[in-house]
Amino acid sequence: MTLAEMKEFASFTASTQRYIRRSLDIGLQREDALTRWSRDVIEAASIRAQTKIYARLDDIRELVPDDSGLESVEPFLAPLVTVSAFDLGQDRLSSFGSYRFLYERLIGASVRPWLPGAFCAAAALPHLHPEKRRVLLQSISEAAATAAGWSNREPCFFPEWVEKVEMPLPN
């Protein structure tokens, strides 16, 4: 399964891969994301904003409903859609697949049943350009949107920063 997850990650664009690694560093508090990921003042401001919005992730993780009971949906789904809308607005997650990949790792396998709805809600919000909304909403497959069940297996592969290493040329 790890190999399949690695292949899926490799299928994303370089900017999507970078954003996912950065987001995991922020959301899982792995590294000082500002030091590691900011290349300029604009990106530094984006990282600060993301860090602030990702402060909601601990609450979201605690509130993932065990079932589809509607009484537990609002306190969970509203902050999930808000965080999702922020990420989609950063223009680095270009499909449901990249969104799902990130959020399964940020929150855990228990969030899978809720991701199609949160993604569609966030992707339909007016802060996104209409063309971007169209592309995002068309990226979710019918199978993902209408799945009868979801795996509860936790993700295995969590992509991280890799330092560039100079390799000596062979003789």
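The axes here are lines fitted to C-alpha atoms, for helices over the stretch in contact, and angles run from 0 to 180 degrees between N-to-C directions. The helix names follow DSSP runs, numbered from the N terminus (H or I, at least four residues, for helices; E, at least two, for strands).

Before I go on, a word on the source: this is a predicted model, where local features need pLDDT of at least 70 and side-chain atom pairs count only at pLDDT 80 or more, while totals for chains, interfaces and linings use all residues. Residues are numbered from 1 along each chain as its sequence is written, and side-chain values use heavy atoms, with hydrogens and water left out.

Back to the pair. On the α2 side you'll find Thr16, Ile20, Ser23, Leu24 and Gly27, and they meet Ser98, Phe101, Leu102, Arg105 and Leu106 of α7. Contact, throughout this talk, is heavy atoms within 4.5 Å. By class, that contact divides into 5 nonpolar, 4 polar and 1 charged residues. For those classes, Ala, Val, Leu, Ile, Met, Phe, Trp, Tyr, Cys and Pro count as nonpolar, Asp, Glu, Lys and Arg as charged, and the others, Gly among them, as polar.

Now, what angle do α2 and α4 make when they pack? It is about 50°, with the axes 10 Å apart, and that makes α2 oblique to α4. This crossing is right-handed too. α2 brings Arg18, Tyr19, Arg22, Ser23, Ile26 and Gly27, and α4 brings Glu43, Ser46, Ile47, Gln50, Thr51 and Tyr54. The residues of this contact split into 4 nonpolar, 5 polar and 3 charged.

Let's stay with Thr51 for a moment. Thr51 sits in helix α4 and is partly exposed, with a relative accessible area of 41%. On that scale, buried means under 20% relative accessible area, exposed over 50%, and partly exposed in between, with a 1.4 Å probe and protein chains only. Thr51 and Gln29 are 22 residues apart in sequence, with 9.5 Å between their C-alpha atoms. Thr51 and Glu74, by contrast, are 23 residues apart along the chain, and their C-alpha atoms are separated by 23 Å.

You'll find Gln29 in the loop between α2 (14-27) and α3 (33-37), and at 68% relative accessibility it counts as exposed. Most residues other than glycine have a negative phi. Gln29, though, has a positive phi, near 50°. Asp91 also has a positive phi, near 65°. Asp91 lies in the loop between α6 and α7 and is partly exposed, at 47% relative accessible area.

Helix α6 (residues 73-89) and helix α7 (residues 96-107) pack at about 130°, with their axes 12 Å apart, and that makes α6 oblique to α7. Their crossing is right-handed. Leu80, Val83, Ser84, Asp87 and Leu88 of α6 make the contact with Tyr99, Leu102, Tyr103 and Ile107 of α7. Here the classes are 7 nonpolar, 1 polar and 1 charged residues.

Which residues touch the most other members of the largest nonpolar core? They are Leu80, Leu88, Tyr99, Tyr103 and Ile107, in a core of 42 residues. A nonpolar core is a set of buried Ala, Val, Leu, Ile, Met, Phe, Trp, Tyr and Cys residues joined through side-chain atoms within 4.5 Å. At least two residues of this core come from each of α2, α3, α4 (41-54), α5 (57-63), α6, α7 and α8 (115-123). α6 gives the largest share, 8 residues.

Finally, do click on Tyr103. Leaving out residues up to four places away in sequence, Tyr103 touches Leu80, Val83, Ser84, Asp87, Gly108, Val111 and Leu115.

Key. Angles under 35 degrees count as roughly parallel, over 145 as roughly antiparallel, 65 to 115 as roughly perpendicular and the rest as oblique. A crossing is left-handed if the near helix is turned anticlockwise from the far one by less than a right angle, and right-handed if clockwise.
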